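Dear colleague,

I am passing on the structure we spoke about, and below it you will find my notes on what came out of the analysis. Please read them with the structure open beside you.

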Amino acid sequence: MQASPITRTFLAGFVAGTPFILVVVPFAMLFGVVATEAGFDILQTMSMSFLVIAGASQFAAVALIEEQAPVLVILATSLAVNMRMAMYSAALVPHMGAAPLWQRALAAYLLVDQSYGVASQRYDREPTLTVPEKMAYFFGAVMAVCPLWYLFTYVGAVAGAAIPPEYALDYAVPITFLALVAPYLRSLPHLAAALVSVAGALAFSVIPYSLGLIIAASLAMFTGALVEIWMERRA
């Protein structure tokens with residue numbers, strides 16, 4: 001029996017998300033290791049992964065907790081790191097805005113870099129997809145990533161001490177974001193924002209509690225917006 005268009009689209013999303021398994025598994029294990037080494041117990045570590053489900057901000061929060069940073073600094077830094085989710089959400093509204101509320105709520109919870117990256121690229125390539133098909137594709141991509149994030153966070157938290165240091169699990173963090181960002185570096189606003197973010201992160205790295213990241217991110221977004229406005233006016 002032939003699969004329905006929704007099922008086929010869901011499976012296509014799952015297949016598109018599977019390459020990220022290569023980085024999600026070590027990324028999740030690394031967080032489990034780092035969190036337990038920082039003094040978190042298993043329940044606290046898993047609760048953070050289930051409730052926050054945002055690796056970069058989780059790493060930032062744990063690092064600041066280890067440094068005994070003020071609570072407001074921890075919250076502000078985590079929020080700044082996760083501000084990209086607000087931009088992701090805004091970009092997906094034209095595609096998902098007509099979906100039922102429960103689907104949008106579930107998608108909001110499961111919105112991660114990987115699910116946004118593969119979904120937005122597919123939506124751009126095939127604008128004729130229906131809303132149910134778009135939702136199916138998004139959830140398919142998520143199913144290839146999120147369950148493994150939870151599972152291997154637990155593995156890292158439980159067996160972290162047994163993982164040899166030479167395995168260098170931290171390679172997964174930069175590779176994940178390079179794989180997501182690279183396809184978008186095709187326009188001048190994106191390139192300008194990327195260059196400013198890198199320069200800002202390096203220039204402000206001396207600021208304590210990683211507050212330089214907030215400054216660099218703000219400058220990058222401002223630069224990208226200015227370049228886009230300039231290009232529209234010039235056109």
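In what order do the elements of the chain run from the N terminus on? They run α-α-α-α-α-α-α-α-α-α-α-α-α, which amounts to 13 helices and zero strands, where helices (H or I, at least four residues) and strands (E, at least two) are DSSP runs numbered from the N terminus.

Please keep in mind that this is a predicted model, in which local features need pLDDT of at least 70 and side-chain atom pairs count only at pLDDT 80 or more, while totals for chains, interfaces and linings use all residues. Residues are numbered from 1 along each chain as its sequence is written, and side-chain values use heavy atoms, with hydrogens and water left out.

Of the 235 residues in the chain, 40% are buried, a term that stands for under 20% relative accessible area, with exposed meaning over 50% and partly exposed in between (1.4 Å probe, protein chains only).

F50, L51, V52, W102, L106 and Y109 make a nonpolar surface patch of about 610 Å², to which helix 3 (42–52) and helix 7 (101–109) each give two or more residues. L106, which has its place in helix 7, is partly exposed, with a relative accessible area of 36%. Patch residues have over 30% relative accessible area and no salt bridge, and nonpolar side chains (Val, Leu, Ile, Met, Phe, Trp, Tyr) are joined within 5 Å, like charges within 9 Å; a salt bridge is a side-chain nitrogen of Lys or Arg within 4 Å of a carboxyl oxygen of Asp or Glu.

Turning to the inside, A119 lies in helix 8 and is buried, with a relative accessible area of 0%. Not counting residues up to four places away in sequence, A119 touches Y137 and F138. A119 is also 15 residues from K134 in sequence, and the two are 7.7 Å apart in space, C-alpha to C-alpha.

With kind regards

Methods. Areas by Shrake-Rupley, 256 points an atom, 1.4 Å probe, with all protein chains shown as cover. Contact = heavy atoms within 4.5 Å.
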